[in-house]
Amino acid sequence: MKDGIKKVLWTLVLLLLIGLTIWTVTGTNESFTFKGFAAYVKSASLGWILAALGCMCGFFLFEALALKTLCSAFGCKRPMRKCVVYSAADIYFSAITPSATGGQPASAYFMMKNKIPGTATTMILLVNLTLYTASIIVIGAVCFMTRPAMLMHFSLVSKIMIFAGICIQLALLALFLLLVYKEKIITRCADLFLKVFHKLHLVKNVEEKQQKLKRMEKQYKECAKAIGSHKKHILAAMTFNLLQRVSLIMVSVCVFIGIGGKKVFDAFVAQGFVVLGSNSVPIPGAVGAADYLFIDSFGHLVDDSVSIELLSRGISFYCCIIVCGLITLTAYLLRGVKGMRQKKKC
């Protein structure tokens, strides 16, 4: 019950942030009018807008393919339709919670309801999160190597966000590698902190938590073993994660082409930097941060950066969470109906 109330509250917070962001973005631009924006959208190429919508769908479909591949690697084959639900739940709840903390628990709920063991669920989501992080780092590296001078166009705030994003992504990747391949280092450090906090009376039931650490250590050993014996599956899942990130970036690129933009690769790199800078911001959906970075990055590529931001973000984020939210809600309701039918039979 409390968890449901929290989700509703975070949804309301997200809606408030969206409203404030749109009001700020449009209110600070004196030349912007909603009538002018409607004309701007109408003037865009329909074919490229449809392509942008297709790329938006690719965002959750490629994650579904990655999860399907990892489910197979861990001996839990599931059909694509179920993996789409895991993906949609992850994306929707990641969008409405700070630092995307609600995404994986939501995926785990549906995975375990589909009789995927808890240990396997944890491993699948952990590996997928790591590959997701690695894909962002790869795209970031491509952006830095191909267009390093583009950073000069960003404001100081944007530069700080981009470099902070890089550091956080690298730290997360390093943490995962340590957890999987050097798990004793992490568990010993965690055990040491538990003992210190226990002496300071900040942690209770220290023995219970130590047992939990031992179970975690065992899980990560199993994860390392699974990764070593399923390298082809891991490589395939990494490819799908890369395609997932690229598909979302391509939403902005398609919109850019649709409104007559010419420097296509520059638009790709600009959006890549937006992803780097906003991905680790502890705000639901990175609302506000992503919008600021987008306007800052595309300001030197187009004349009307506000209109292209609203159109691009409207497809890549708002449409995406609506679609994923509807998929998640439908799956939840169908599960509820199925449960009621089973009770009647009993």
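A pocket, as the word is used here, is an open set of grid points with protein on both sides within 12 Å along at least five of seven lines. In this predicted model, the largest pocket has a volume of about 1,200 Å³. Its lining takes in 49 residues, and those nearest the centre of the pocket are Ser94, Ala100, Tyr132, Arg245 and Asn279. Sorted by class, the lining of the largest pocket comes out at 26 nonpolar, 17 polar and six charged residues.

Now for how some of the helices pack. Two packed helices are described by the angle between their axes and the distance between the axes. Take α4 (residues 80-96) and α5 (residues 103-113) to begin with: their axes come within 7 Å and cross at roughly 155°. Angles over 145 degrees count as roughly antiparallel, so that is the label for α4 against α5. The crossing of α4 past α5 is right-handed. On the α4 side, the contact uses Val85, Tyr86, Ala89, Asp90, Phe93 and Ser94, and these meet Gly103, Gln104, Ala106, Ser107, Phe110 and Met111 of α5. That contact is made up of seven nonpolar residues, four polar ones and one charged. Ser94, then, turns up both in this contact and among the residues nearest the centre of the largest pocket.

From α11, the residues in contact are Ala267, Ala270, Gln271, Val274, Gly277 and Ser278; from α12, they are Ala290, Leu293, Phe294, Ser297 and Phe298. The contact of α11 with α12 holds seven nonpolar and four polar residues, with no charged ones.

The remaining pair is α3 (residues 46-73) with α6 (residues 118-146), whose axes sit 10 Å apart at an angle of about 130°. That angle makes α3 oblique to α6. Here again α3 passes α6 in a right-handed crossing. Helix α3 brings Phe59, Glu63, Ala66, Leu67, Leu70 and Cys71 to the contact, while Ile124, Leu125, Val127, Asn128 and Tyr132 come from α6. By class, the α3 contact with α6 splits into nine nonpolar residues, one polar and one charged. Tyr132 of α6 is part of this contact and is also one of the residues nearest the centre of the largest pocket.

Key. Residues numbered from 1 in each chain as written. Predicted model: local features only at pLDDT ≥ 70, side-chain atom pairs only at ≥ 80, totals over all residues. Heavy atoms only, no water. 1 Å grid on protein atoms, 1.4 Å probe; cavity = no way out; pocket = protein on both sides within 12 Å on 5 of 7 lines; lining within 4 Å. Points joined across faces, edges and corners; volume = space filled by probe spheres on them. Nonpolar A, V, L, I, M, F, W, Y, C, P; charged D, E, K, R; others polar. Axes fitted to C-alpha atoms, helices over the stretch in contact; angles between N-to-C directions. Helix = DSSP H or I, 4+ residues; strand = E, 2+ residues; numbered from the N terminus. Parallel < 35°, antiparallel > 145°, perpendicular 65-115°, else oblique. Left-handed = near helix turned anticlockwise from the far one by under 90°. Contact = heavy atoms within 4.5 Å.
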